[in-house]
Amino acid sequence: MSDVEFKATRKVYEDGTVGLDDLDLRIEEGEFLVLLGPSGCGKSTALRLLAGLEDITDGAINIGGARVNDLPPGARGLGMVFQSYALYPHMTVRENLSFGLRRTRGSDKVPPNEVVARVDEAASMLDLEKALDKKPKELSGGQQQRVAIGRALVRRPKVLLMDEPLSNLDAKLRNRMRFELRRLHEMHGTTTLYVTHDQIEAMTLADRIAILKDGRLQQHDKPLNAYNQPANSFVASFLGTPAMNLIEGRAAHGRFEAGELAFDLPPHLADADGPGFYGIRPENTHISEGGVPFTLGGVEHLGGEAIFHLEAGGHWIKALWRRKGTEAVAPHPEPGSQQPVILTDSSALFFKE
Amino acid sequence: MRVLRLWAAVTLLALPIMAQAQAQPQTQPRVSVADTEPGYRQIQIDVAVSPDPRVAAYEIWFAENSFSSTRDALLHSRIAVMDVDGLERGAPGENYDYCQVDGLPAYLDADGNAVIDRNAARWSCALTGMVPGRDTWIAVVPVSADGLALVDVDGLQPVSGRTDASDERTPPPDTRPVLYALGSIILSTIVLLVFLRQRDARKGRTRSRLAHVYVAPAVIGLITLTFYPILYGIGLAFTDADQSHLGDEAWVGLKNFVTVFASPGMWRVTGFTLVWAIANTAAHVFFGLLLALALNRAGLTGKTVYRTVFLLPWAIPGYISVLAWNGMLQPEGLVNGVLGTSIDFLAGADSARLVVILVNIWLGIPFMMMTLSGALQALSADMFEAAEVDGVSRWDQFRYLTLPNLKSTMVPVSLLGFIWSFNSFNTIYLMTRGNPYVGFGEPGATDILITYVFSVAFEYGQYGVAAAWSVLIFLMLVVFSWLYLKKTRATEASA
Amino acid sequence: MSRPSLAARWYVPAEIQALRLWLSVAVLVNLLIMALDVVRDGKLWPSLLGIALLALGRLSLPDGQANWKKPVAQLLGAGGVALGLFALAISPRLLYDVWSVAWLVVPCLLLVAWLSRPRVADWAGGRSDREFAERGLARNKESMPRLDVVALHLALLHGLAVVIVPVIWIVDVAVSPGNVLGGAIGDAFTLEHFTAVLSGDSFWTWTRNSLVVAAGTTVFGLALAVPAGYAFSRYQFSGRKESMFLFMLVQMFPGIIILVPYFMVMKTLGLLNTSIGLIIVYSVTALPLGVWMLKGFFDTVPRALEEAAVLDGCNQFEVFFRVVLPLSLPAVAITALFSFLAAWNEFLLALVFNTSNEQYTLPVGLASMIPATGQQWGDFAAASIIVSIPVVVLFVFFQRALIQGLSAGSVKG
């Protein structure tokens, strides 16, 4: 297992679009890094550049300290799990797992008994023992995915690459597999680069996350840090459900003004100055005495939670109510009524961009 | 003195005659074609000759176009000229090439062939084997005992004859049985459809009220004009149907099949057909795959141009391509021009076979190329990327990923290709007609089963035997297809 | 460094990779050339020697370890070049000779030249330091695609030649005077054959017959196939499965079985030597395929459209004619085109059924220009071109649709 370094990595396509713009990123040995971002942000590009499936325009990529820019994919010692699993449809699970190992040659050749040992090891680790002689089309989605993971792991790769592996599964299975993936990582401990657009996966799986937008790195940090201290409004709105309330306005002299809406900034933001976004998460926004007056637009009752949609001065925000203890029922204020909203506490943030 | 004058006169008279007889070659026999048509596929010629002791035989040459040299014509027969002492005349209509000499049936030699008296001035023969409905040019060439022509072989002036006599030694075939059969089939099909329609109405399926009406014309057409002929054909195999007595064929059981198996050259023609079909199919798949792979490369400049050109052998009407290749393989054709030789590729048995296979390969590659190209595009690219990350070489990717996944397309397509090649008539017929000639009634060196059956049916006119051959061909194909599919299913299961 | 770096282990110069493939291919091609040489003049030795040199050269390609391979390979290559040039000098120097020698000389030349390149020579001498390997890999990334493309185009051009040269030749024969088959391409020009063909009666008779038969087949065949295809696609009715099986079964019979009975039935009915006889036979032979293609197309028309029409008050008949048929017009057109071309190009049945010049269709008529003796190559070539051009144009224009139509039918079958 090795560390990975992207050094000023740049990818520009033939038609001029910039896939990746000067990425500087380091993945430590054994770390589970999640590349997160919306579609087109460059996360899959970064993965494919690391894999060697596409060529770098500029910069370098190092694996274990060695530059791998020009090495063919097979030489880089990687294992990859594709979004579509890319299993070999005409081979059994056992053959799928062992195919790459059986095709090794020369000084890299893996002896047959070693091949068998590794396949059995992967099968037991991934609970595939009963499926070894079946073909991919006879397997469930979850099993297929495990075969894909197994195929990547039998190579004892230096780095494990995963390209949105859970997006083809239904919601329930996805939840289960998230837990499984975390457990697996604790077992095999390989450096992992995981690409996804789902921030829940990122938050639950990652040791650290790297958020990309339009080919540029926005923030590289532990998940909770990124959640609590987002580097900019994009990160802030990307992490967390429901998304953080962002109000565009102006801060001056300890007060925030956004058109007709105005309120005092919390103490830790007193020095904020100039145009920007005020951000506060819905779970930190409450309907409570002494708050800023908002009009209630509507309520979504989800059972254990309720989301209140509130409006003032043309700005819409959400307040999240969560059941605590034995409180049976959420408050049911009338839509259209005026509600006081507390939206200033120590978690509030101000972003210049 | 009077004797001298007489002698001079005789000499003076005889001289020119003798000079004519000796100094120059004998003048050509005067040939004319009789107006009467002696029979089906027969042309009657009348020949006026000047008796000449040098003539040992008359050769009858013929061709489909006018010719001036024997090089452009075919030899029909040779009639010997000899002394007829001790020979007997034949009876009228007794043998095929019935000949008359000076108005009487010709003498027959020991083998029963007609001969011409040394002193005959006129003889006529009915030439058989003429193709009806077409003009045929005929010339008669006297030859000496050494086989040398006694007239200028490049200055011939053939006459044209034609026979349109229809094959009617018996009254016209009775159309009624066939009409009855067709009529009853059509009626019973209609009854069946009506019955099915009623069944549907009773079951309450009202939405498909018109279905049977829509389907009726096609189904009736199919059953009448495909099933009925197939069954009729199978039935024919058990009769002695022949072109000479159409309409009153008799049941002969398995006699035709016995004839088939006993035919000389039966194994030879079957063997060549198999070799032909297998070689064709293998080459079609191989080159089709090669081209499909080449054209599948992303970003290949000129891909559409290449693809369009490679479609040409399929787009150009097949018979035109084959005839063109025929021309190119002539001694003065393109292939010889390129190689700088003048080999007649279609003359020798082995070279003709090879060349005929190569031409058919040329014809069939585009279809295979297009089919495999579609199958290649259907392969997922992801799978290859996964293999690439796994470090599998390009060749191994092809061998272990591409080929196995193409199998599901290649198996049915190659079977179809095999059957198509097996039954491919145009190429061989238009290149060689099955020649080089091997023997009378035998398949030629390049005959495959289908071209041989064609000649049995339409050149020798033995419909019953031809039908027996057809049934056997069909059975062969069924057995082969079954075995092939079984074998490929088996390997697929273990793959 | 006891173990070479990763880069070095994976680095093989592009030139060596290319030579590995190209020399092997050259051996195969030279085997073919050897066969042709034997046919030509029986001389085996130059080609055999050349093959040996190429094969040995391939086997002694360097493998990255300093050993005897490089100089030997280069020597063999030089030998090959010399042999080829010598063979060319003593040959008649036709185009064929130049081509066949090129297949020996060019690979050998590349062998010698590329092995002399500094980078390749270093590698062959065993150089395997990391920087060298990395730079080599970077250069490979640029060179390999270019070499691949060159090789690909070369191979494709050979295929192109095999396909195009007959076409060029036919055109040449068509515009060369007389019925001469030989002569250089493009040495003379005359339109006499075109005039002869177009002003003769036969050609127009044949064309008229072919047009009548092909058009009749298309119309009659479609009239039968379209309703049937629609019924199979839309309706569930008693006998549906059996009928579909029937259609499929019939496709499997090789034509030869049906030929003799067809002939006899047609003869008995007096339909030999008529256009109607051929139309009937062609329509029915093309029926299964036509029904399959049309059914496949009809299957893609959403039922919702028909249901909407029914709700609007149309009866079943109107639904078919006013809603489904107009939508399927492209598909029907393609099937029509297919039937037309099939009837236009058909040879065997036309040969058997129509035996007099008056009733010949184009295929049989054109074939009659090339009988066993007295072949009229010039006129035939001219007629071929006139007949082929519209067919080829139509085919090329509609190729994608035709192939889709074929596969839609066969996949379902």
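The structure is a predicted model, in which local features need pLDDT of at least 70 and side-chain atom pairs count only at pLDDT 80 or more, while totals for chains, interfaces and linings use all residues. Residues are numbered from 1 along each chain as its sequence is written, chains are lettered from A in the order in which they are written, and side-chain values use heavy atoms, without hydrogens and water.

**Domains of chain A**

Chain A is assigned domain 1 (4–231) and domain 2 (242–351), with bounds from an automatic or database domain assignment. The contact (heavy atoms within 4.5 Å) takes four residues from domain 1 of chain A and four residues from domain 2 of chain A. On the side of domain 1 of chain A that touches domain 2 of chain A, three residues are nonpolar, one is polar and none is charged; the nonpolar class holds Ala, Val, Leu, Ile, Met, Phe, Trp, Tyr, Cys and Pro, the charged class Asp, Glu, Lys and Arg, and the polar class the others, Gly among them.

| Domain 1 and domain 2 of chain A | Value |
|---|---|
| Separation of centres, over C-alpha atoms | 39 Å |
| Area buried between them | about 350 Å², 52% of it on carbon and sulfur atoms |

Buried area is the accessible area (1.4 Å probe) that two parts lose on being put together, summed over both.

**Ser60(C)**

Ser60(C) has 3% relative accessibility and therefore counts as buried (under 20% relative accessible area, 1.4 Å probe, protein chains only). Beyond residues up to four places away in sequence, Ser60(C) touches Trp68(C), Lys69(C), Val72(C), Ala73(C) and Leu76(C).

Notes. Buried means under 20% relative accessible area, exposed over 50%, partly exposed in between (1.4 Å probe, protein chains only).
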